[in-house]
Amino acid sequence: RDFTIAIDGPAASGKSSTARAVAQELGFGYIDSGSIYRCATLLALRQNITDTGEGIGSLADLISHAKVDIKVRPSKSHQTPSLGRLAVPDVQVLLDGEDVSREIRTPEVNRLVAKIASDSSIREAVLHIQRKLAADAESRSTTSRSVDAEDMPGGVVMDGRDIGTTIFPGAELKIYLDASAMARAIRRWDEMNQMKDVPVQKPAHDPEASAAPAAVYPSVEEIARELEARDYADINRENSPLRIAPDAVVIDNTNLTFAQQVYTITDLARE
Ligand code: C5P
């Protein structure tokens, strides 16, 4: 059986870049489960659905019939002090063939995604997409495997909130990544600053759409508050997805370098 690594944790804890670097190091496939919820949220915005009331059933239907694809493009090893020889591959997210990689990270999507993800019919639809993508990723064995990885079986790394508890409770390795709210906000702010040229999606039928002002990007403090609000929404909803699996290894990376946390995980995988 292939090796599954589940990496869970709160928003902006560094799950995605860590999971991608771990996948490349081990020659595993990679699946970003948050991007599937973000695709569902983008579909919601395009349908003018901003609440989990009416319309959410049809949204669950839409996302379950959509084709979500997560393509990993292996990157060359960096030689930087913070990364060492590690590489963080680029990930492209395709929704019915359309590249939505950047559009799913706009402030509008950030604000709505926790609400959309709180709906059980959406979670059920996304669960099937996750398991299917994982099966595909394992059979493809995406990235070129490094020499160190030759003694490892094939496998997949998936990051999210409930991967180790709900999606793959039998995962061979479960990691729970955490960091302080301020450390996470600073990382998210850096990410957002690289996104400033991305146009904001308005519902197509909104008459004001063409006259819409550019998005106002928040400060670090506002992001910290928004992250805490999102964590709160994620943790306090009924059947919260964000739980620590009893057999998960908890890593707080507030004071770890990127390389330290990645190698901690690859070492655990090789044990
Ligand atoms: O990880 P990312 O910030 O892209 O996830 C966006 C949102 O999707 C989270 O805030 C959470 O509400 C939801 N999510 C979830 N379960 C997952 C992954 C993401 O509920 N496994």
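Is Asp96 buried or exposed, with 12 C-beta neighbours inside 10 Å? Asp96 counts as exposed, because a residue with 12 or fewer such neighbours falls in that class and Asp96 has 12. The views below come from a predicted model, and the first of them returns to this residue after an overview.

**Overview of the protein.** The secondary structure of this predicted model comes to nine helices and eight strands. Of the 271 residues of the protein, 41% count as buried. Among contacts between residues at least 6 apart in sequence, 78% join residues at least 24 apart.

**View 1. Two residues other than glycine, Ala12 and Asp96, have a positive phi.** Most residues other than glycine have a negative phi. Ala12, found in the loop between β1 and α1, has a positive phi of about 60 degrees, and Asp96, in the loop between β4 (90-95) and β5 (98-99), has a phi near 50 degrees. The surroundings of each residue can be given as a count: Ala12 has 24 C-beta neighbours inside 10 Å and is classed as buried, whereas Asp96 has 12 and is classed as exposed.

**View 2. Five strands form an open sheet with parallel pairing.** The order of the strands across the sheet is β2-β6-β1-β7-β8. Because β2 (29-32) and β8 (249-252) stand at the edges, each with a single partner strand, one side of each is left without a neighbour in the sheet. From one strand to the next, the twist averages 20 degrees. Helix α1 (residues 15-26) packs on this sheet and touches β1 (3-8), β2, β6 (155-160) and β7, while its direction makes about 175 degrees with that of β6.

**View 3. Strand β7 (residues 173-178) is joined to β8 and to β1.** Strands of a sheet pair through backbone hydrogen bonds, either parallel or antiparallel. Here β7 and β8 run parallel and are joined by four bridges, and four bridges likewise join β1 to β7, which also run parallel.

**View 4. Helix α2 (residues 33-46) packs against helix α4 (residues 107-117).** The axes of the two helices are 9 Å apart and meet at an angle of about 105 degrees, and α2 and α4 are therefore roughly perpendicular to each other. On the α2 side the contact is made by Tyr37, Arg38, Ala40, Thr41, Leu42, Ala44 and Leu45, and on the α4 side by Glu108, Val109, Leu112, Val113, Ile116 and Ala117. By residue class, this contact of α2 with α4 divides into 10 nonpolar, one polar and two charged residues.

**View 5. A shell of 14 residues surrounds the ligand.** The closest of these residues are Gly34, Tyr37, Ala117, Gly160 and Arg161. Helices α2, α4 and α8 (220-236) each supply at least two residues of the shell, and α2 gives the most, with four residues. The shell divides into six nonpolar, three polar and five charged residues.

**View 6. Cys39 of helix α2 is in contact with Ala66, among other residues.** Cys39 is buried, with 29 other C-beta atoms within 10 Å. Leaving aside its neighbours within four places in sequence, Cys39 is in contact with Ile63, Ala66, Val68, Val93, Leu95, Val100 and Ile104. For Ile104, which is 65 residues apart from Cys39 along the chain, the C-alpha atoms of the pair are separated by 6.3 Å. Ala66 lies in the loop between α3 (56-65) and β3 (68-73) and counts as partly exposed, with 15 C-beta neighbours inside 10 Å. The C-alpha atoms of Ala66 and Asp178, 112 residues apart along the chain, are separated by 32 Å.

How values were computed:
Residues numbered from 1 in each chain as written. Predicted model: local features only at pLDDT ≥ 70, side-chain atom pairs only at ≥ 80, totals over all residues. Pairing = 2+ DSSP bridges. Axes fitted to C-alpha atoms, helices over the stretch in contact; angles between N-to-C directions. Contact = placed C-beta atoms within 7 Å. Buried ≥ 20, exposed ≤ 12 C-beta atoms within 10 Å, placed from the backbone. Parallel < 35°, antiparallel > 145°, perpendicular 65-115°, else oblique. Nonpolar A, V, L, I, M, F, W, Y, C, P; charged D, E, K, R; others polar. Near = placed C-beta within 6 Å.
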